Amino acid sequence: ADSFIVVICSLIRSLTIDNLHILGDIFDRGPRPDIILEELMHFHDVDIQWGNHDISWMGAATGNRACICNVLRMALGYNGFDVLEDGYGINLRPLSMFAERVYRDDPCTCFLPQILDKNIYDAVDPKLAAKMHKAIAIIQFKLEGQLIRRHKEFHMENRCLLHRIDLEKGTITLPDGKEYPLLDTNFPTIDWKKPYELSAGEKDVMERLESAFRNCEKLQKHMSLLLDKGGLYKTFNGNLLFHGCIPLNEDGSLKEVQIYGKTYKGKELYDVLEAYVRRAFFAVDNEEQRKGRDILWFIWASPNSPLFGKDKMTTFERYFIADKATHKEVKGAYYHLLENEEVIDSLLREFGLDPAKGHIINGHVPVHQGEGESPVKCGGKVIVMDGGF
């Protein structure tokens, strides 16, 4: 009887839902995204518009080390060991041993995990988790600095911050010229003559972690699902579905974005970015594959990315600077033009849709329902949702 009830419920659900659209961020929105993906693999008709957190995990799965650090940093910061160890079997022992050795006498106060969900299995000591959290964050800042300096065309030099630290004064001077005291000045792995170079221990940790992500059969199977059923956007029933924002200028015109020496905008920008994502997984040419891997991080963090769309990602500031004004991330033009019907009509036309009938259905955008905000915008032409699991 129990088995029959389970099967009949699944049948009813399948008959009720013709098409299931996922508007991004399966990852980092709960303790076990791997379980959700296993369920989706058996769903009869599903499509996935990649979210910025999905893209970060996709980058990690290709071996992009900055993305690997980002995935681990967020999991460690929110006590998310379940998905790493139990979901995907990622061995964190090399990182924990390195962090315990290097940060042994460091309380790592700024890196204590936020306990949102208690781990189902063995809980990790918060003090050790904080050391691991700090270790991977410092490695991430180094690797991102390397990546930014390798790709001048990303125009993100203002996110290279380690060389701006004055250790004697215990301060940092941000790109705007203002100096701020640091909440933490213990950086034992940074060579101040070459601040973005990994130490020998950090290199060893990253080699092991990259191998773990690249060779995780279950993770690669889930990436195949995201690639087979997903993309950066989808047009369906005359509607445009995507996660994030369309890069726009303040006047509502399409913003031109440089990708590897060429400029793109609108639908063409989405298409070329998606093509590079797929090259990260499938390209035979090593250079094209590397470009694809690097573009996954660009999509995660760039102000010109349709999945981010803020002026900067202030990860470093939130850890190390008390002044909350430095934590602010200013949203791009798209977010305050959602109610402009002329702009929305032009965006629908850009993707080959009829503005008289079509809608934009937009993941990622938080709806402050408690403040009376409606998810329906622009007279019903735009529906927004922060559709995480």
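The largest cavity is lined by 13 residues, and those nearest its centre are Phe 141, Glu 144, Arg 159, Met 313 and Thr 315. The model is a predicted one, in which local features require pLDDT of at least 70 and side-chain atom pairs pLDDT 80 or more, while totals for chains, interfaces and linings draw on all residues. Residues are numbered from 1 along each chain as its sequence is written, and side-chain values use heavy atoms, with hydrogens and water left out.

Grid points are joined across faces, edges and corners, and a volume is the space filled by probe spheres set on the points.

By this rule there is one cavity of 30 Å³ or more. The volume of the largest cavity is about 180 Å³. Helix H7 (126-150), H11 and helix H12 (315-320) each contribute at least two residues to its lining, with helices taken as DSSP runs of H or I of at least four residues, numbered from the N terminus. H7 gives the most, three residues. By class, the lining of the largest cavity comprises nine nonpolar, two polar and two charged residues (Ala, Val, Leu, Ile, Met, Phe, Trp, Tyr, Cys and Pro count as nonpolar, Asp, Glu, Lys and Arg as charged, and the others, Gly among them, as polar).

The second largest pocket holds about 250 Å³ of space. Its lining has 14 residues, of which Gly 63, Asn 64, Arg 65, Arg 150 and Asp 294 lie nearest the centre. At least two lining residues come from each of helix H4 (65-77), H7, helix H8 (200-214) and H11; H7 supplies the largest share, four residues. The lining of this pocket divides into four nonpolar, three polar and seven charged residues.

H11 (residues 286-301) also packs against helix H10 (residues 266-282), at an angle of about 125° and with the axes 7 Å apart. H10 is therefore oblique to H11 (angles under 35 degrees count as roughly parallel, over 145 as roughly antiparallel, 65 to 115 as roughly perpendicular and the rest as oblique). Axes are lines fitted to C-alpha atoms, for helices over the stretch in contact, and angles run from 0 to 180 degrees between N-to-C directions. The contact of H10 with H11 has eight nonpolar, two polar and four charged residues.

Terms used. On a 1 Å grid over the protein atoms alone, a cavity is a set of points where a 1.4 Å probe fits but cannot get out, and a pocket is an open set with protein on both sides within 12 Å along at least five of seven lines; lining residues have an atom within 4 Å of a point.
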